[in-house]
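Open the model in your viewer and keep the selection panel handy. We will walk through it one stop at a time.

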Amino acid sequence: MRSLFRSSPSSSVSRRGLLGASAAGLSAAGLTAAGVAVASDAPADRARPRSARTEPGTSGVRLRWLGNNGWEIRVARPGKRPATVLIDPWLTRFRTGTYTEAGADPTTELVVDKDAIDRHRLRADQILVTHGHYDHLPDVPHLAATTDATVLGTESHANLLLALAEPEERDALEGRLSVVSGGEHLQLEGYSIRVLRSLHSMTGARARVPFPGTRPGGPPPRPKTIADLVEGGTLAYAITCDATGFTVVNFGGSNFSAADLAGLSPDLAMIQPGGATVHDYVPRLLSCLDHPPYVVPTHWDDVDEPLDEPAVDWGGLTGLRNAVRAASPSTRFVVVDHLETFTP
């Protein structure tokens with residue numbers, strides 16, 4: 001089978017991307033050798049077998065990392081232009097101190113740099129929001145206005161987006177919002193999107209979600225600081241190329257709901273480092289996903305560093321790599337660097 005992306009090399013990822021890793025150990029991600037025993041959360045019956053591919057580079061899916069949990073996913077559609085799906089596109093990357101010893105200052109002012117966003121000339125058919133935090137949501141209103149994309153997210157995400165939108169963007173944005181809560185399976189032309197109920201990372205000694213809360217009922221006052229952008233519920237998304245059956249799943253936090261992954265057997269999983277307070281985070285997740293052929297780490301870069309420079313590991317990448325290797329030895333761990341592409 002020939003690649004459905006003629007412009008992309010087979011299994012294309014740069015040497016820098018394949019070799020990128022930090023020297024952080026298992027403890028940096030809150031993982032220990034004792035925590036990698038495979039659990040038994042995986043459902044016995046699968047709704048769909050994995051795609052059968054005869055040669056690399058023929059998945060019909062091309063990934064490009066936009067930093068943090070931002071992804072551009074192009075899905076081949078024979079006879080038509082590829083569809084483009086964006087997940088959590090956050091290109092402004094204002095300084096927050098998130099990965100410093102002190103952590104992010106809740107009073108940090110929200111910034112949306114439209115020039116920085118526009119330089120990337122993104123297009124999109126859909127924009128998928130996993131949760132409402134400052135490193136996932138703020139750039140979405142401008143991108144929705146400039147791409148005419150449909151935006152998927154919870155009621156709280158939709159209200160936060162409307163509150164963030166400029167007056168000239170707000171009316172148009174209202175017509176582009178699709179409120180979802182998890183459980184939806186959307187059939188589009190040449191591909192499908194499955195919305196999955198999920199869970200956010202829980203951090204610290206008390207295992208708390210950062211900036212928790214919801215914003216139901218209507219848009220709140222315009223958010224001014226990063227603390228104003230609350231989680232608002234967390235979703236994961238699975239995208240399937242109809243032409244090949246290849247499925248990609250993305251998790252916006254280092255946590256998950258095992259019950260909501262029933263029947264999902266993806267070919268590639270985008271997984272975050274961390275999960276120190278989540279019981280057997282990596283082995284349970286990989287078991288639920290039926291040990292996917294590919295894991296691509298996401299949300300592992302220090303967001304205070306530039307997007308047009310190589311990613312700087314905040315300290316969890318090696319721990320995640322080792323945990324995946326121990327729990328699922330046959331899974332290929334592929335590191336993609338900033339703005340690089342990978343075609344499985």
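Which residues does His157 touch, not counting residues up to four places away in sequence? Select His157 and you will find Val129, Thr130, His131, Gly132, Leu137, Glu231, Gly232 and Gly233 in contact with it (heavy atoms within 4.5 Å).

Before moving on, two notes. This is a predicted model, where local features need pLDDT of at least 70, side-chain atom pairs count only at pLDDT 80 or more, and totals for chains, interfaces and linings use all residues. Residues are numbered from 1 along each chain as its sequence is written, and side-chain values use heavy atoms, with hydrogens and water left out.

Stay on His157, which sits in helix H4 (residues 155-164); helices are DSSP runs of H or I with at least four residues, strands are E runs of at least two, and both are numbered from the N terminus. His157 counts as buried because its relative accessibility is 0%, the cut-off for buried being under 20% relative accessible area with a 1.4 Å probe, protein chains only. Now show the backbone nitrogen of Thr154: a polar atom of the His157 side chain lies 3.0 Å from that nitrogen.

Next, colour the strands. Seven of them form an open sheet with mixed pairing, in the order E6-E5-E4-E3-E2-E1-E14; two strands pair if DSSP finds at least two bridges between them. At the edges, pairing on one side only, are E6 (177-179) and E14 (341-342).

Zoom in on E2 (residues 71-77) and E3 (residues 80-87), antiparallel strands joined by six bridges. Pick Ile73 there, and its bridge partner in E3 is Val85.

Last stop: select Cys241, buried at 0% relative accessibility, and then Cys288, also buried at 0%.

Methods: Buried < 20%, exposed > 50% of the residue type's maximum accessible area, 1.4 Å probe, protein only. Polar contact = N/O pair within 3.5 Å; in protein donor to acceptor, adjacent residues only side chain to side chain.
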